[in-house]
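Subject: Structure handover

Dear colleague,

Please find the structure below, with the sequence alongside. My notes come after it.

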Amino acid sequence: MRQVAALIFCAVAFAALATAQPNYWVALNYRVTFLGDGSALVEALFHPFTTDGRSLFGDPEVERSMNSSVAGFANYTLLMFSDNPRLLKHTPFLYEKRLHETVVCDVANTGSLSEFKGAYVLSARVYLNTSSYVKPLNGSTFEVKVRDSFTSVDVRSWIDVIEFRFEGAKLVGYRWEPPFARGPAEVGSNYLLWVNFNEPQAPDFYVFTLEAPGFAYVGEPPEVNATISSAEYDGSQLRVVVANPGPAGGYAYVRVIYEGGEQARKVYLKPGESREVVFPSVQGASAVLEVYSGDSLLEKRSVDLAAAQRERFPVPLYPPLIALSLAAVAVAACYLLRRGRRAVEAAPRQEPGTV
Amino acid sequence: MRALRALSAFALLLPALALLPALAPSERAGVAVTANVTYTLVGRFLLANPSNSTVRDFVYVPLPQNTTFQRSYVVSMDPPPLRYAVDEDGNVYAIVQVEAGPGAKLWVRVEYRVSVAGYRLESAPRAWPPLETVRKYTRSSGYWNVYNGTLIDLAYRVAYADAPYDAARKLAEWAVNRVKYRVQFSRLGSDHAVARSPLDYAIVGDCVEVADVYVTMARILGIPARTAYGLLLTGREGRMWLNMSTAAEEGDRLIEHWGGHMWPQVYFVGVGWVDVDMLDGMQANVGIYSERHIVFGFEETKYFGSALSSVCVPSYLTVQYAEYEYRGGSP
């Protein structure tokens, strides 16, 4: 059983870039265990050291500095599984000091790993079915991409050593990107271990096809429960009113698909708020309106553009028409009345024998 | 309008030497090209080894990118590049390997040929993009927090409009009139770049903060937006330099001799990515772009932006000094 995991992040540590903080680097090792329920236990192990390789584990000032960086490290960890960490479900992060762990790092960039005893460990369980880097394939089989979020953030950073374990989740296949990066240094029956001595040979993405009996894809959860209130077409523009009757605010996507194209707009809706979205140059006899939030399709409705056009002035046109009709009837009635009255009035003036 | 961090970055046209005759940037429907200039751009970066041991290091060099309005290639690089690579946002950069003894210093020198077209948008695009484009380019990130309640309220109050161009324009007009310029040495992100004054809001910071606030608010309004980074030249010919040991002390005077820059772009259907450099002349320049820009890269999807927006990125060595010399002429 390998005692140390292993991901080493050989970068100019965050702290080293901040002038107000002590100048040190951090060896960072990760251990990622894929479980049968479709989640992954992620453990990040840190060990601070000086530029000449002296351990700073237990140094009070460095410890304070490390503690202040925990939120940042947690974010980096989530970014390994999603480009939208806000919507990735996970258990609360646990941050602890473990004396028995070992962290390895190529301290002087010489091509050999040094071992450091002791680690600050940050761990959490990530639910992969809410990850934007997961692609469901067939039932409980899915592809998951694990990004080297350190390279993504800072091109000179990389994971030196990373261990993936498969406990309950069955590994069906694996690859890495870019293809010219190096493959795993060790391949075991239930683990893969990458050792990357420099950034150019380190993969940017580790890609696995897994089978996990408990996996059920969810995608990004919805932020709001939005609905279409009305749709009105004037022969070119489609005006859609979208409302949020729910108690939470968030973003919704309004999409229209029509003959020869589609358009979409993202809108923020506060609780109880509604907003009008206008789509110009919408053509054809009909269109389909969709409202999404996260990955969830909240509503889908067909719109008969011809009918919508005929009904485009239902409220403003009818009252004038009614008023006009009433006025016309009134004028006609007045006219007829006056004619009748004139006829009546004229009658007495008629001399007998005239006309 | 430029900042230390926004300095540098750039893209390359790999061995696109063969494409030299086609160096002039292409035109695009709905856009009028206002100028064409081809620059010879030479960059020099001084690196130092602060450690007591010999270091073999990889140095990441951003390169001028190829875009609709820019064509570029690497003329020479010393030391020669080990490899060209592409980041997640499609930006091409070079990797150079160097070795430095304890306390030693060394230079990295690059020469580019870059053709840039200035342009002006001729029409106001009205259609909204497809769903996948909207999803990809309106996400929240570390520097562009689209869930910030203050920015949501502001964006909808000052710039909500039926058409994307109208919204982008209103937003630019609002932003450019609220810039409280101050060279900033660490990126604040839009959450911390908007300050409330007694009467109004202000965007405090340099080009990076202005770009971050604009991109965040555009994304809040559903307009696909990103940042471009590179250089803003002061003319056809000149030199700019940056001494890392005195930069902080110089403060706002830095922009007198340094042109590292960042600015927003928005996506319009039928046109593509359109520049919105409000700090070039302090105007709401939606689709008005001068040929004095050199693009070294874009930030689109990365959560914490791109480290390639720095002039030159060593791993173990430190950058002490950087300079660019440029000379422009007709293509």
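Confidence. This is a predicted model, with an ipTM of 0.89 and a pTM of 0.83. The average pLDDT of chain B is 89, and 92% of its residues score at least 70. Residues 1–23 of chain B are below 50, yet this stretch has 96 contacts in the model beyond near neighbours in sequence. Where pLDDT is low, the predicted coordinates should not be read in detail.

Chain A, domains. The assignment divides chain A into domain 1 (14–211), domain 2 (227–310) and domain 3 (321–355). Between the C-alpha centres of domain 1 and domain 2 of chain A the distance is 42 Å.

Chain A, sheet. Chain A has an open sheet of 7 strands with mixed pairing, in the order 3-4-2-1-7-10-9. Strand 3 (94–105) and strand 9 (186–187) of chain A are the edge strands; each has a single partner strand, so one side of each is left without a neighbour in the sheet. Strands of a sheet pair through backbone hydrogen bonds, either parallel or antiparallel. For strand 3 and strand 4 (residues 114–127) of chain A the sense is antiparallel, with 9 bridges. A:Arg98 has A:Ala119 in strand 4 of chain A as its bridge partner. Helix 3 (residues 70–79) of chain A lies across strand 2 (39–49), strand 3 and strand 4 of chain A, and runs at about 65° to strand 4 of chain A.

Contact between the chains. Here 36 residues of chain B are in contact with 30 residues of chain A. On the chain B side, the elements that give two or more residues are strand 2 (55–62) and helix 1 (131–137) of chain B. Strand 2 of chain B supplies the largest share, 5 residues. By class, the chain B side has 19 nonpolar, 8 polar and 9 charged residues.

Helix pair in chain B. Helix 3 (residues 164–176) and helix 5 (residues 207–220) of chain B have axes that come within 11 Å and cross at roughly 145°. The crossing of helix 3 and helix 5 of chain B is right-handed. From helix 3 of chain B, B:Ala168, B:Leu171 and B:Ala175 meet B:Val210, B:Val213, B:Tyr214, B:Met217 and B:Ala218 of helix 5 of chain B. This contact between helix 3 and helix 5 of chain B has 8 nonpolar residues, no polar and no charged ones.

Regards

Technical notes. Residues are numbered from 1 along each chain as its sequence is written. Chains are lettered from A and ligands numbered from 1 in the order in which they are written. This is a predicted model: local features need pLDDT of at least 70, side-chain atom pairs count only at pLDDT 80 or more; totals for chains, interfaces and linings use all residues. Two strands pair if DSSP finds at least two bridges between them. Helices (H or I, at least four residues) and strands (E, at least two) are DSSP runs, numbered from the N terminus. Two residues are in contact if their C-beta atoms, placed from the backbone, lie within 7 Å. Axes are lines fitted to C-alpha atoms, for helices over the stretch in contact, and angles run from 0 to 180 degrees between N-to-C directions. pLDDT is the predictor's confidence in each residue, from 0 to 100. Ala, Val, Leu, Ile, Met, Phe, Trp, Tyr, Cys and Pro count as nonpolar, Asp, Glu, Lys and Arg as charged, and the others, Gly among them, as polar. Domain bounds come from an automatic or database domain assignment. A crossing is left-handed if the near helix is turned anticlockwise from the far one by less than a right angle, and right-handed if clockwise.
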